[in-house]
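Reader: Could we go through this structure together? I would like to start with the backbone and then turn to the packing.

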Amino acid sequence: MEKLRRVLSGQDDEEQGLTAQGTGLLWLPGGIKLFAVFYTLGNLAALASTCFLMGPVKQLKKMFEATRLLATIVMLLCFIFTLCAALWWHKKGLAVLFCILQFLSMTWYSLSYIPYARDAVIKCCSSLLS
C-alpha cells in the first residue's frame with residue numbers, strides 16, 4: 001500500500017529510472033532493435049494480460065468484433081511492422097514511427113472498451129482543430 005501511495009504522489013523514482021533505461025537503448029549501437037523488441041513484447045504482454053480478466057477465447061472474440069476490428073488489425077500490423085523495421089529492414093526512424101503508431105493504436109483499441117470514450121476523444125480533438 002505504501003508503494004502505491006508513493007507512486008500516486010509522484011515520490012517514487014523507480015518507474016522513471018526504468019523509462020530512462022528503456023529510452024537509453026535507442027542511443028546504443030543496435031539499441032533500436034532491443035527497444036523495438038522490448039516495446040512490442042511489452043504491448044503484447046499488456047494485451048495478453050486481459051486474458052486473465054475475461055479468458056483467451058472471449059478476449060479473441062471481443063478483439064475481432066465489428067467495433068474493434070479495424071483497431072485490432074492496425075494494432076497487430078504495427079506490432080509486425082515495428083519488428084520488421086528494426087530487425088530486418090534496419091530503419092531506425094521507421095521503427096520509432098511504428099512504436100509511436102503502436103502506442104496510438106493500443107490507446108484507440110483500449111478506448112473501445114470504455115463506453116463513449118472514442119466519441120469523447122474525437123469530439124475533443126475536433127474542437128482543438130477548429
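Reader: Where is histidine 90 placed?
Author: In this predicted model, histidine 90 sits in the loop between helix 5 and helix 6.

Reader: What is the phi of that histidine 90?
Author: Phi of histidine 90 is near 55 degrees, a positive value in a residue other than glycine. Most residues other than glycine have a negative phi.

Reader: Is histidine 90 buried or exposed?
Author: Histidine 90 has a relative accessible area of 51%, and the cut-off for exposed is over 50%, so histidine 90 is exposed.

Reader: And tyrosine 116, where does that lie?
Author: Tyrosine 116 belongs to the loop between helix 6 and helix 7, the latter covering 117-129. Its phi is positive too, about 65 degrees, although tyrosine 116 is not a glycine. With a relative accessible area of 68%, tyrosine 116 is exposed.

Reader: Turning to packing, at what angle do helix 3 and helix 5 pack?
Author: Helix 3 (residues 31-54) and helix 5 (residues 69-88) pack at about 160 degrees, and their axes are 8 Å apart. Angles over 145 degrees count as roughly antiparallel, and helix 3 and helix 5 are therefore roughly antiparallel to each other. The crossing of helix 3 with helix 5 is left-handed.

Reader: Which residues meet there?
Author: On helix 3 they include Ile32, Ala36, Thr40 and Leu47, and on helix 5 they include Met75, Phe79, Leu83 and Leu87. By type, the residues of this contact of helix 3 with helix 5 are 10 nonpolar, three polar and one charged.

Reader: How does helix 4 pack against helix 3?
Author: Helix 4 (residues 56-63) packs with helix 3 at an angle of about 120 degrees, with the axes 7 Å apart. That makes helix 3 oblique to helix 4. The crossing is right-handed. Leu47, Thr50, Cys51 and Met54 of helix 3 make the contact with Pro56, Lys58, Gln59, Lys62 and Met63 of helix 4. These residues divide into five nonpolar, two polar and two charged.

Reader: Which residues form the largest nonpolar core?
Author: That core has eight residues: Ile32, Phe35, Ala36, Ala85, Ala86, Ala95, Phe98 and Cys99. Another core lies apart from it, with seven residues, among them Leu47, Met63, Phe79 and Tyr109.

Reader: What does alanine 36 touch?
Author: Leaving aside residues up to four places away in sequence, alanine 36 touches Thr82, Leu83, Ala86 and Cys99.

Technical notes
Residues numbered from 1 in each chain as written. Predicted model: local features only at pLDDT ≥ 70, side-chain atom pairs only at ≥ 80, totals over all residues. Heavy atoms only, no water. Axes fitted to C-alpha atoms, helices over the stretch in contact; angles between N-to-C directions. Helix = DSSP H or I, 4+ residues; strand = E, 2+ residues; numbered from the N terminus. Parallel < 35°, antiparallel > 145°, perpendicular 65-115°, else oblique. Left-handed = near helix turned anticlockwise from the far one by under 90°. Contact = heavy atoms within 4.5 Å. Nonpolar A, V, L, I, M, F, W, Y, C, P; charged D, E, K, R; others polar. Core = buried A, V, L, I, M, F, W, Y, C linked by side-chain atoms within 4.5 Å. Buried < 20%, exposed > 50% of the residue type's maximum accessible area, 1.4 Å probe, protein only.
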